Amino acid sequence: MSRIGIIGAGHGVFGRRSDATVQELAFEAFRAALEDGGIDRDRLDATVIAAVPEYHKQRSVAGVVQEYLNLNPRPTWLTEVACASGSAAIRTAWMAIQSGLHPVVAVIGCQKMTELSTPEILALMGRVGEVQWESVFGTTFPGYYAMFATRHMHEYGTTREQLLEVAIKNHHYGAMNPNALFRKEITMAKALDSDPVASPFCVYDCCANADGAACLILAEEDVANSIAGDRTVWLDGVGCATSSMSVLRRPDLTGLPSAQKAAEDAYKMAGVTAQDIDVAEVHDCFTIAEIMAYEDLGFCAKGEGGPFISDRRSYIGGDVAVNVDGGLKAKGHPIGATGVSMAVEIVKQLRSESGERQVPDAQVGLTHNVGGIGQYTFVHVFKRS
Amino acid sequence: MFSWFGKVSFVAYTKVSDFAVHLKDGRLMGSRCKQCGATNFPPRADCADCLSGDFEYREVSGRGTIYTYSVIAAAPTGFDDDVPYTVVVVDLEEGGRLLAWLGDSIATDDIEIGMPVQVVPKIFDEIEEIKVYYTVEKTGTTWEKAP
């Protein structure tokens, strides 16, 4: 098997982007990735678009993006697995390159979430779970993760404050990220005082919808070496696994089995262990999700996720720097773009281009991108050399 | 008939539609595969183990224990008049699980993981059309069943 290299990475500004269409957002990230890698657009053989269709008025969004990037008649297709769509697109690109069909592939994650009205959002929100047996009781996305949190607190003594320490860390780093939606620090007092959403969560336990795009350009080993040389970052491990749609078919609601399996597979393929990871982007859609990620990825033992954040072991200078771009919490979560955004951050970290957020001597990085409540998880391992 | 199930229904047709009819009659039905005997709650028509499509309903007692819960304060469309409401995951005595609302017999402040409970079939009185659901109540709570 060839190694697959990342030769370009671009990121747009996340936020309420009432100034731009989804294809205009995609263009910003695409241009940034071409410029970042010094890549001629004609080198691209195909694109993979990641987006979740139900948020867009424009149907079949891959078509409009491909046209706006002036990439016709080259092939494109859409990947969709909820909030993990971005990583699914990267995996698909990895496979397309491995197959020999498309040596250079651009992955573009893009999402315009603020196009919908509040009633439309609330109606969508009522169908995030399994609709036959669960949504009929008014379950919500925060409500599901809240039930994980309730159980995790019960089994392992995880505290309310430990949950919010995740949000405080991610806002701390988000404040340093010019592409982040929220660029301000928060305090424990302010977080505890925010409005209830789904117990034990309040507003500051939850990430925010956002508009935005990110782009990654991947290439087969020889092409990567010839175009990017030493700046290439290698995608050496790709893991993907699933868990049941319904929480009623999952015995344990203190972790995500799909994440544990995806991590195991990605580590094995990349020839690394959890302890080798210097910098990680994990799917902190809710505070408990980052604590479960520490455990599912093997950064700490099962049940130790609470103390792991309290002891600041996921800050820069700790065991592994986690979400030092602000995470979904502070950066915002344009769902189709998120997985690609995570990869862009890891690429920049491994190239030592992250400025005041730089993790010293980062050699191995990881992304952990979850769709829904762990129905799909993708774990990718990146290396500097 | 499955559109009877839930205050807001998203699923009108399913091979286990009679679940809602039984619920209206006061019975909580899981399923059993007639081929290999595998049991399920919620019921499923097609066996996940042996792939058979031949199933029968199997009544469950509704006795169980609370696995986890959350008090929902921000509700989706159709549930805005109900907030705050508590959703509870219950492990059933006969196996399987369900998700339901906490009923009036247990105060939200008294809810505890692991506490034994009784799941009780309910009909919405305030809605004109037939709408059925179930709630999580104190153990020992009784209700009427159709003959």
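Which residues in α3(A) meet which residues in α13(A)? The points below take up this contact and then other features of the predicted model.

1. Helix contact. On the α3(A) side the residues are S85(A), G86(A), S87(A) and I90(A), and they meet G336(A), G339(A), V340(A) and A343(A) in α13(A). By class, three of the residues in this contact are nonpolar and five are polar, with no charged residue. Helix α3 covers residues 85-98 of chain A and helix α13 covers residues 335-350 of chain A; their axes come within 5 Å and cross at roughly 60 degrees.

2. Overall form of chain A. The chain contains 13 helices and 12 strands. Its radius of gyration is 19 Å, close to the 21 Å that the globule rule gives for 385 residues, so chain A is as compact as a globular protein of that length. The C-alpha trace of chain A spans about 55 × 45 × 40 Å along its principal axes.

3. Burial and surface of chain A. Among the 385 residues of this chain, 65% count as buried. The accessible surface of chain A is about 12,800 Å², and carbon and sulfur atoms account for 50% of that area. Of the contacts in chain A with a separation of 6 or more, 77% are between residues 24 or more positions apart.

4. Side chains of opposite charge can pair when their charged atoms come close. The structure holds 30 salt bridges over all chains. In one of these, the side chains of R160(A) and D205(A) meet with an N to O distance of 2.5 Å. The pair links distant parts of the chain, 45 residues apart: R160(A) belongs to helix α6 (residues 160-174) of chain A, and D205(A) to the loop between β6 (201-202) and β7 (212-220) of chain A. Are these two partners buried or exposed? R160(A) counts as buried because its relative accessibility is 17%, under the 20% limit. D205(A) likewise counts as buried, at 0% relative accessibility.

5. A partly exposed salt bridge in chain A. D319(A) and R313(A) also form a salt bridge through their side chains, at 2.8 Å from N to O. D319(A) counts as partly exposed at 43% relative accessibility, and R313(A) is partly exposed with a relative accessible area of 31%.

6. A salt bridge in chain B. K7(B) pairs with D82(B), and their closest N and O atoms are 2.6 Å apart.

7. A salt-bridge network. Which residues are joined into one network by salt bridges that share partners? They are D36(A), R231(A), K348(A), R351(A) and E353(A).

8. The surroundings of S314(A). This residue sits in the loop between α11 (305-310) and β10 (321-322) of chain A. S314(A) counts as buried because its relative accessibility is 0%. With neighbours within four places in sequence left aside, S314(A) is in contact with K169(A), E290(A), Y294(A), F308(A), I309(A), V320(A), A321(A) and V322(A).

9. Most residues other than glycine have a negative phi, and most peptide bonds are trans. The peptide bond from N72(A) to P73(A) is cis, with omega near 10 degrees; P73(A) lies in the loop between α2 (61-68) and β3 (76-79) of chain A. Another cis peptide bond joins S199(A) and P200(A), with omega about 5 degrees, and P200(A) is in the loop between β5 (196-198) and β6 of chain A. A82(A), which is not a glycine, has a positive phi of about 50 degrees and is found in the loop between β3 and α3 of chain A.

10. D361(A). This residue, not a glycine, has a positive phi of about 50 degrees. D361(A) is located in the loop between α13 and β11 (364-371) of chain A, and it counts as exposed at 60% relative accessibility. From S314(A), D361(A) is 47 residues away in sequence and 16 Å away in space, C-alpha to C-alpha.

Key: Residues numbered from 1 in each chain as written. Chains lettered and ligands numbered in written order. Predicted model: local features only at pLDDT ≥ 70, side-chain atom pairs only at ≥ 80, totals over all residues. Heavy atoms only, no water. Axes fitted to C-alpha atoms, helices over the stretch in contact; angles between N-to-C directions. Helix = DSSP H or I, 4+ residues; strand = E, 2+ residues; numbered from the N terminus. Contact = heavy atoms within 4.5 Å. Nonpolar A, V, L, I, M, F, W, Y, C, P; charged D, E, K, R; others polar. Salt bridge = Lys/Arg side-chain N within 4 Å of Asp/Glu carboxyl O. Buried < 20%, exposed > 50% of the residue type's maximum accessible area, 1.4 Å probe, protein only. Rg over C-alpha atoms; globule rule 2.2 N^0.38 Å. Areas by Shrake-Rupley, 256 points an atom, 1.4 Å probe, with all protein chains shown as cover.
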